[in-house]
Number of protein chains: 4
Amino acid sequence: MSFSLQDLNARIIERSSASPEQSYTAQLLSQGVQKCAQKLGEEAVEVVIASLAGNRQETIGEAADVLYHLLVLLRAGDISLDEVMDELERRTSQSGIAEKAAR
Amino acid sequence: MSFSLQDLNARIIERSSASPEQSYTAQLLSQGVQKCAQKLGEEAVEVVIASLAGNRQETIGEAADVLYHLLVLLRAGDISLDEVMDELERRTSQSGIAEKAAR
Amino acid sequence: MSFSLQDLNARIIERSSASPEQSYTAQLLSQGVQKCAQKLGEEAVEVVIASLAGNRQETIGEAADVLYHLLVLLRAGDISLDEVMDELERRTSQSGIAEKAAR
Amino acid sequence: MSFSLQDLNARIIERSSASPEQSYTAQLLSQGVQKCAQKLGEEAVEVVIASLAGNRQETIGEAADVLYHLLVLLRAGDISLDEVMDELERRTSQSGIAEKAAR
């Protein structure tokens with residue numbers, strides 16, 4: 001069974017109660033939503049750039065950063081990953097262009 | 001068993017072979033990496049704004065958009081989600097600040 | 001005498017008192033800081049993409065959009081362009097790396 | 001006569017021929033368009049966040065950063081500020097909603 005976004009999220013929740021000195025995740029969360037949002041924004045810029053540069057390894061690394069920082073931002077806002085996945089499931093049960101139009 | 005990022009990705013791969021008229025995903029992919037990267041960047045800005053505004057429902061919706069458009073961008077760059085999850089697993093097997101320092 | 005950022009700013013201030021039906025600037029401002037910030041973020045993503053794509057004409061157009069939307073965002077936050085230019089002058093009177101280190 | 005964007009640009013052009021050890025501007029330019037675009041993207045995220053947080057001083061500082069890094073990015077792409085100002089003048093000679101619709 002391979003590593004999933006839920007596994008990563010479980011790890012983030014676990015780390016969030018560590019001390020900021022021992023965990024980067026705890027450190028980010030201790031700085032609040034604003035800092036977490038800033039990090040997500042920066043990583044998004046970097047995955048945009050890496051993908052346009054056609055740099056495969058860098059795109060993989062930056063995509064990983066986006067996923068990690070998005071989960072941290074959700075945690076900072078006390079939103080569970082399940083709420084986001086439920087929203088995605090709801091949208092996916094609709095289809096194609098129709099789904100987009102419904103947003 | 002709840003909806004997972006792998007499920008969403010499977011749906012995106014399935015849709016990517018539809019016609020652009022029938023599928024928003026196929027439409028995006030037909031416009032190339034540049035368009036897919038632009039959409040991801042825009043959605044990242046929107047989740048930053050929604051989270052800072054403390055708007056819970058909007059943050060959930062925009063986080064869903066970020067996940068969806070990140071997967072589409074990976075697909076546009078012919079990168080599999082597994083490659084990104086492997087990278088996250090590798091990082092997570094390390095810990096806390098040490099892990100960040102190693103990046 | 002060529003068109004300056006101050007000229008553009010004067011035009012934005014002038015338009016800001018028009019009705020939202022008659023002026024795009026007034027329309028943006030009527031939607032508040034959040035909308036103005038979103039537009040700036042989107043235009044920044046687009047100038048990043050255009051410049052990486054090496055698309056000269058598009059980069060010029062998107063850079064123009066960034067300048068315009070930055071001024072609108074300042075106006076939305078009741079910050080004058082002079083305050084920003086004074087900050088830039090202050091920094092520029094210092095030099096090079098030293099200046100960056102001082103930020 | 002107050003400090004203008006043209007003054008800042010003249011300073012950036014002057015610095016661009018300095019050694020990367022002596023000038024932050026020269027350092028950025030020596031790293032290429034990709035690095036300059038990344039910095040602009042990051043500063044844009046920061047001005048978005050500062051303005052939403054309603055932090056006046058920080059918004060001024062980040063807006064200054066956006067202007068500086070936009071000019072550096074133009075320089076990296078061998079685009080003159082005049083070309084961008086001409087585009088803005090052209091747009092401004094049109095008006096309001098009509099102008100936006102014409103883009």
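Colleague: What should I know before we start?

Modeller: This is a predicted model, where local features need pLDDT of at least 70, side-chain atom pairs count only at pLDDT 80 or more, and totals for chains, interfaces and linings use all residues. Residues are numbered from 1 along each chain as its sequence is written, chains are lettered from A and ligands numbered from 1 in the order in which they are written, and side-chain values use heavy atoms, with hydrogens and water left out.

Colleague: At what angle do α3(A) and α3(B) cross?

Modeller: Roughly 180°. Each helix covers residues 32-52 of its chain, and the axes come within 9 Å. Helices here are DSSP runs (H or I, at least four residues; strands are E, at least two), numbered from the N terminus. Axes are lines fitted to C-alpha atoms, for helices over the stretch in contact, and angles run from 0 to 180 degrees between N-to-C directions.

Colleague: Roughly parallel or roughly antiparallel?

Modeller: Roughly antiparallel. That word needs an angle over 145 degrees; under 35 is roughly parallel, 65 to 115 roughly perpendicular, and the rest oblique.

Colleague: Which residues make the contact?

Modeller: Among them are Val33(A), Ala37(A) and Leu40(A) of α3(A), and Val33(B), Ala37(B) and Leu40(B) of α3(B). Contact means heavy atoms within 4.5 Å.

Colleague: How many are nonpolar, polar and charged?

Modeller: The contact has 14 nonpolar, six polar and no charged residues. Ala, Val, Leu, Ile, Met, Phe, Trp, Tyr, Cys and Pro count as nonpolar, Asp, Glu, Lys and Arg as charged, and the others, Gly among them, as polar.

Colleague: New topic. How many residues has α5 of chain C?

Modeller: Helix α5(C), residues 81-92, has 12 residues. It reaches 16 Å from first C-alpha to last, close to the 16 Å expected at 1.5 Å a residue. The expected span is 1.5 Å times one less than the number of residues.

Colleague: Which residues of α5(C) are buried?

Modeller: Leu81(C), Val84(C), Met85(C), Glu87(C), Leu88(C), Arg91(C) and Thr92(C). They cover an arc of only 155° around the axis, which puts them on the same side of α5(C). Buried means under 20% relative accessible area, exposed over 50%, partly exposed in between (1.4 Å probe, protein chains only). The arc is that of the directions from the helix axis to the C-beta atoms.

Colleague: What about phi at Asp78(C)?

Modeller: Asp78(C) has a positive phi of about 60°, although it is not a glycine. Asp78(C) sits in the loop between α4 (56-76) and α5 of chain C.

Colleague: Is Asp78(C) buried or exposed?

Modeller: Exposed, with a relative accessible area of 62%.
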